[in-house]
Amino acid sequence: MAIRNSGSEARITAARKRGAILTHLHAWEFADAHVVASLLHLGRTSTYTTIRNLIRSGLVSALRVAGCPTPIIHLTPAGASAVHRLIDGTEYAEMPSVVYPSKLNLSHVQHDLLVQRLATRVVTRSDTCAALSARQIVYANLGIGRGMPLTSVKIPDAILLDHRPDETRRTAIEVQESPESDAITERKLAQYFEAIQRGEVYGVVYASTSQARLDQVQRIWHGKLRRWWYNSDQRQWHASHHGDDLHDAQITGTRLGLANITNLATGLYQYAVL
């Protein structure tokens with residue numbers, strides 16, 4: 001009897017792992033072994049065994065992407081059918097799954113995997129947090145500046161939901177790896193500052209493997225932050241020069257977080273991010 005119970009428990013555990021991975025892939029399109037390991041608290045051997053079993057069952061497929069040392073996995077049509085049965089009746093049940101490699105957004109694979117690694121690290125270390133992917137943010141119309149013209153809506157890389165007894169705090173995540181001009185960084189920070197003022201998000205966390213990027217963000221955030229507006233005719237952003245800079249000591253002092261995530265970049269890059 002004990003053996004049968006043990007086998008039943010093992011099947012239940014395997015089903016939970018399978019469901020967690022399929023649900024994650026539905027939200028984020030793809031993942032890698034590091035994300036799966038963090039998501040399920042697995043060691044290296046167990047992680048690869050779990051992924052191989054999913055591939056053999058026809059629920060996921062593996063794909064190698066040029067320039068990315070680590071292979072990724074994504075849903076197959078069978079996996080999409082399985083996950084939609086799992087999430088039927090939930091908020092994102094009608095969000096379509098991406099199952100074909102040609103439809104995957106592979107333009108920034110390393111960046112997107114880094115976002116996932118950060119989000120899953122935070123979520124799995126908390127009993128109250130959940131994470132929304134950029135796909136879910138767009139689908140649920142939770143972009144920064146919602147209700148404004150689409151050209152001026154900012155889509156964070158992810159949103160962390162901290163479910164507290166009296167409120168749910170939304171914190172935006174921005175992973176910035178490539179260099180940006182001060183003007184572009186200031187415009188993004190200004191969008192987040194105003195979103196915090198409107199109550200759309202509680203704060204924003206900027207993360208990078210480059211300390212230079214983080215130092216730039218901190219310098220601009222604590223400097224003279226101007227308002228920005230989008231000219232639809234010119235299709236350009238412009239900074240305000242009317243003296244109506246963004247000022248709020250509490251927001252400036254407490255609502256920006258900076259995170260060096262070099263330790264999360266294992267196996268992602270074939271070169272250093274400077």
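The legends below accompany close-up views of a predicted model.

**View 1. Strand β3 and its pairing partners.** Strand β3 (residues 72-75) pairs with strand β1 (residues 30-31) in the antiparallel sense over two bridges, and Ala-31 has Ile-73 of β3 as its bridge partner. Strand β2 (residues 60-63) also pairs with β3 in the antiparallel sense, here over four bridges, and Leu-63 has Ile-72 of β3 as its bridge partner.

**View 2. The salt bridge between Arg-219 and Asp-182.** The side chains of these two residues meet in a salt bridge with an N to O distance of 3.1 Å. The pair links distant parts of the chain, since Arg-219 belongs to helix α8 (residues 211-221) and Asp-182 to helix α7 (residues 182-198), 37 residues apart. Arg-219 is partly exposed at 48% relative accessibility, and Asp-182 is partly exposed at 36%.

**View 3. The salt bridge between Arg-227 and Glu-194.** The closest N and O atoms of Arg-227 and Glu-194 are 2.8 Å apart in this salt bridge. Because Arg-227 lies in the loop between α8 and β8 (228-231) while Glu-194 lies in helix α7, the pair ties together parts that are 33 residues apart in sequence. Arg-227 counts as partly exposed, with 26% relative accessibility, whereas Glu-194 counts as buried, at 19%.

**View 4. The salt bridge between Arg-198 and Glu-200.** In this salt bridge the closest N and O atoms of Arg-198 and Glu-200 are 2.9 Å apart. Arg-198 is partly exposed at 38% relative accessibility, while Glu-200 is buried, with a relative accessible area of 8%.

**View 5. Cys-68 and Cys-129.** Cys-68 is buried, its relative accessible area being 5%, and Cys-129 also counts as buried, at 19%. The structure holds zero disulfides.

Conventions
Residues numbered from 1 in each chain as written. Predicted model: local features only at pLDDT ≥ 70, side-chain atom pairs only at ≥ 80, totals over all residues. Heavy atoms only, no water. Disulfide = S-S within 2.5 Å. Buried < 20%, exposed > 50% of the residue type's maximum accessible area, 1.4 Å probe, protein only. Pairing = 2+ DSSP bridges. Salt bridge = Lys/Arg side-chain N within 4 Å of Asp/Glu carboxyl O.
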